Amino acid sequence: MELHKHKAHELKDMISKREIKVQEVITSFQARIDKVETDIGAILYNDFEKAIEKAKKLDLSLEKGENIGILSGLPIGLKDNISVEGMQNTCASKILEGYISTYDANVTEKIKSSGGIIMGKLNMDEFAMGSSNENSAFKPCRNPWDLTRVPGGSSGGPAAAVASCEVPLSLGTETGGSVRQPAALCGVVGLKPTYGRVSRYGVVAFGSTLDQVGTLGKDVEDCALITSAIAGLDKRDFTTVDIPVQDYKKSLTKDLSGKRIGIPKEFFGEGLNEDIRKKVEEAIKVLKANGAIIKECSLPLADYSLAAYYIISSAEASSNLARFDGIRYGYRATDYKDGIDLYYKSRSQGFGNEVKRRIMLGTYALSAGYYDAYYKKALKVRKLIKDDFQRVFKDFDALISPTSPSTAFKFGEKKDDVLAMYLSDIYTVPVNIAGIPAISVPCGFVDNLPVGLQIIGNYFKEDILFNIAYSYEQSENWHNTMPSMVPCLSIKVGE
Amino acid sequence: MEFETVIGLEVHAELSTNTKIYCGCTTEYGGKPNTHVCPVCLGLPGSLPMLNKKVVDYGIKAGLALNCRITKLSRMDRKNYFYPDCPKNYQITQDEFPLSRDGYIDIEISEGVIKRIGIERIHIEEDAGKLLHTNSGTLVDFNRAGVPLIEIVSKPDLSSPEEATLYLQKLKSILSSIEVSDCKMEEGSLRCDGNISIKPKGETKLGIRSEIKNMNSFKALEKALGYEFIRQEEVLNSGGKLSTETRRWDESTLKTYIMRSKEQANDYRYFPEGDQVTINISDEWIEAIRSTIPELTHEKLARFIKEFDISSYDAMVLTLSAPLADFFEATAKISMDAKSSANWLMGDISKLMNEALITAASLKFTPEDLSALIKLINSGTISNNIGKKILNEMFLTGKSPGKIVEEEGLTQNNDEGEILSAVIEAIKASSTSVEDYKNGKTRVVGFLVGLVMKATKGKSNPQMVNKLILQELNKL
């Protein structure tokens with residue numbers, strides 16, 4: 001049975017009706033992994049033994065008629081910066097090669113307690129820095145729609161794994177678009193929840209004031225399902241908020257009557273691929289047909305988001321990544337003269353170029369004499385951008401834009417052009433700067449490559465995002481189109 | 001040229017909370033290396049700090065006890081530096097918005113002369129681990145990493161090593177009495193660094209300062225600052241120039257050595273700690289903490305002098321230890337005789353406690369018992385000397401003085417007739433005394449009193465015995 005082709009919620013129904021066993025689901029996905037992983041490269045660590053063992057236990061519970069939780073035995077892949085006790089947690093970096101987590105992240109605990117099964121750890125850009133997954137220190141990850149192209153990043157693994165049916169659900173992380181952009185490029189649904197909606201405990205920090213765990217699935221219902229499993233207050237993360245998690249299932253309706261949707265004109269400017277623009281405009285027509293009130297609006301400060309983002313995220317990263325020093329765990333250079341040399345060599349050899357670039361940028365921005373001009377100013381800009389969104393949300397329930405200005409690009413295309421790479425996050429980053437939620441949902445194809453529609457909401461309005469995304473998705477049929485995955489083993493990518 | 005010195009101290013005190021500042025690990029001193037640790041205090045990837053509210057409570061308490069203004073919106077910041085004892089290579093501390101500011105404490109720099117020393121700020125932060133240098137290499141023990149600290153920064157108001165010592169003593173006494181820190185310098189729970197500069201006498205502009213590290217005993221503090229004063233003086237007198245630098249006090253050579261110059265100083269790149277929300281301190285919170293602050297030693301001392309009309313020396317001795325002060329206050333109130341209460345506690349009772357190596361907290365008798373003893377004496381029921389015997393018994397057994405008097409029949413005899421016959425007996429038995437008395441040797445009176453007391457087992461009222469002996473001798 002080709003169970004791997006099913007959506008997570010379909011599998012969940014079949015499992016709860018006892019039509020299939022959890023073990024069959026796990027075995028089917030493992031078979032799929034065995035078949036396509038060489039082409040895709042989405043998985044850094046795969047523990048079938050552990051997964052099948054858990055599946056057997058859950059099957060026993062089901063036989064006894066026990067409630068095993070809302071994730072009812074579904075296999076889930078986690079980006080390799082989310083801690084799972086006893087599994088590696090490398091952040092796709094040489095500096096953490098061989099490092100095994102000693103504890104579960106809050107989201108990992110929640111997945112386990114909701115009956116989810118951790119299938120493996122997924123590829124990513126090193127320390128979540130990048131937009132193409134090309135910064136993985138271990139192996140390239142390919143876009144299932146075209147194996148000569150990148151899956152996007154930094155959560156390239158989580159997006160490609162879902163798109164290629166290696167797992168039905170995955171968790172990624174976002175600091176600046178890292179779930180939505182790969183979701184768009186791989187043709188899956190990806191949500192970045194409100195900052196504070198999901199605990200960051202156990203997620204390796206990049207930019208602490210921006211980081212948030214995101215969810216990916218083949219359709220909106222799947223994405224809503226896994227989001228309900230991981231959202232909520234966590235006493236170990238002070239930035240989580242004690243606001244009840246909505247019943248997202250209730251939001252899965254087609255009706256949009258009365259919903260006020262804004263079209264921020266700054267998100268349709270120079271640099272946007274014309275065909276993508278057309279796809280998004282077609283999507284807007286669909287939303288209108290479903291009852292939404294559409295109006296143009298303006299977010300003039302959004303243009304400054306990327307600049308503020310690269311200062312804030314890099315500054316925080318320079319501090320967060322200081323602990324990787326070769327002293328206590330991870331990579332240690334062998335030929336050091338003294339303590340300082342140990343730091344210097346371990347970090348020089350352990351980190352990749354993009355990570356080093358950001359550490360240097362961030363260190364500079366925080367240095368005496370520059371702090372006010374860079375970091376402090378960036379915080380002020382961030383405040384203005386937040387205010388700008390709040391002004392717009394007085395008149396709108398949600399905003400619509402493209403997720404990414406381009407479709408999936410070729411390996412190497414932007415790797416050496418740092419600015420071009422950074423610009424691929426131009427529509428997603430303002431959301432992280434403001435701390436609000438946004439979702440990317442597939443809205444068609446340009447040259448056989450998926451395009452993502454971005455829906456942006458106000459704080460803790462994930463329910464509205466699911467509503468609009470679901471309404472759109474059900475009116476079209478993009479989520480049921482799957483990549484043909486022509487095996488393409490001869491392609492050489494990366495360096 | 002004559003110079004004067006300007007000193008400011010930075011004191012770190014470990015807070016005596018049960019658990020660490022950002023996790024649930026114990027703060028207990030010692031332990032097998034790396035056993036009081038978890039992902040948070042080890043700074044493992046992904047772990048996040050969760051601020052211990054008790055640490056903020058204690059920080060506020062220290063701020064109030066040191067007359068500071070509490071910051072309503074306080075914030076944690078990161079101080080970035082690489083060092084192997086620092087698990088995250090940044091310390092979560094407070095930079096721009098410390099918990100409290102602008103306080104002071106008063107020190108008595110000479111008999112009756114009070115000097116007010118300003119406190120710049122108090123902030124909360126985490127301690128680092130400990131490096132152990134062995135022959136096979138350097139090891140790190142993270143048991144201490146994450147133990148909460150307060151850093152108390154004084155203004156440069158201290159003018160001599162002696163003043164610095166007085167300040168630190170006072171600070172230690174306050175922090176101990178409000179029970180936020182056990183202040184054990186030998187265990188490192190109280191640590192002191194200082195800034196010292198010198199300037200020509202009368203000059204208002206401050207000189208070039210050096211920061212002295214590792215002054216971890218009162219002796220070290222006074223010696224290091226004294227040494228540094230002379231060193232700086234010699235540099236200037238020989239035409240040299242001082243530079244801003246950090247120096248380390250070496251206990252074995254009794255000298256300070258340069259650790260780093262201004263050029264080598266770290267740029268700590270402070271910035272807000274994103275993993276912590278702003279600490280919003282309400283008036284209610286502050287008042288709740290204020291109500292838990294016990295009376296401080298110097299406040300108690302002043303109150304004792306005023307309320308019980310005792311000398312400042314007595315008040316000073318009685319307030320040296322909190323249990324003694326409490327015992328005194330209770331006894332003075334019950335007995336309504338503060339002077340006697342003070343005398344007993346400072347005299348016989350202190351002597352007995354010192355011999356037995358105990359404090360007033362472990363006395364077997366109560367302030368009620370001591371008051372009863374004082375009343376027995378004041379009412380003439382027993383003599384002072386009998387009182388001392390009873391006290392010994394009370395000290396050993398904890399029995400009440402009334403019971404001891406009753407059991408041993410120690411009540412003073414005030415029956416004039418009975419005493420008179422004992423006096424007459426004594427005079428008869430010692431005919432030479434009468435002669436001596438007539439010859440002007442009055443000291444025989446004492447001898448006769450002794451005889452009477454011995455014959456009456458010490459129970460006769462001594463004043464009465466004295467009076468009757470004189471009366472009888474003069475009759476003859």
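Predicted model: local features only at pLDDT ≥ 70, side-chain atom pairs only at ≥ 80, totals over all residues.
A crossing of two helices is called right-handed if the near helix is turned clockwise from the far one by less than a right angle.

The model has an ipTM of 0.94 and a pTM of 0.85. For chain B, the mean pLDDT is 92, and 100% of the residues reach 70 or more.

I turn next to the chain as a whole. Chain B contains 15 helices and 16 strands. Its radius of gyration is 32 Å, whereas the globule rule gives 23 Å for 476 residues, so chain B is more spread out than a compact globule. The C-alpha trace of chain B spans about 100 × 55 × 50 Å along its principal axes.

Now to the helix pair. Helix α12 of chain B covers residues 416-429, and helix α15 of chain B covers residues 462-475. Their axes lie 9 Å apart, at an angle of about 55 degrees. The crossing of α12(B) past α15(B) is right-handed.

Which residues make the contact? From α12(B) come Glu416(B), Ile419(B), Leu420(B), Val423(B), Ile424(B) and Ile427(B). From α15(B) come Met464(B), Val465(B), Lys467(B), Leu468(B), Ile469(B), Glu472(B) and Leu473(B).

Key: Residues numbered from 1 in each chain as written. Chains lettered and ligands numbered in written order. Heavy atoms only, no water. Axes fitted to C-alpha atoms, helices over the stretch in contact; angles between N-to-C directions. Helix = DSSP H or I, 4+ residues; strand = E, 2+ residues; numbered from the N terminus. Contact = heavy atoms within 4.5 Å. pLDDT = per-residue confidence, 0-100. Rg over C-alpha atoms; globule rule 2.2 N^0.38 Å.
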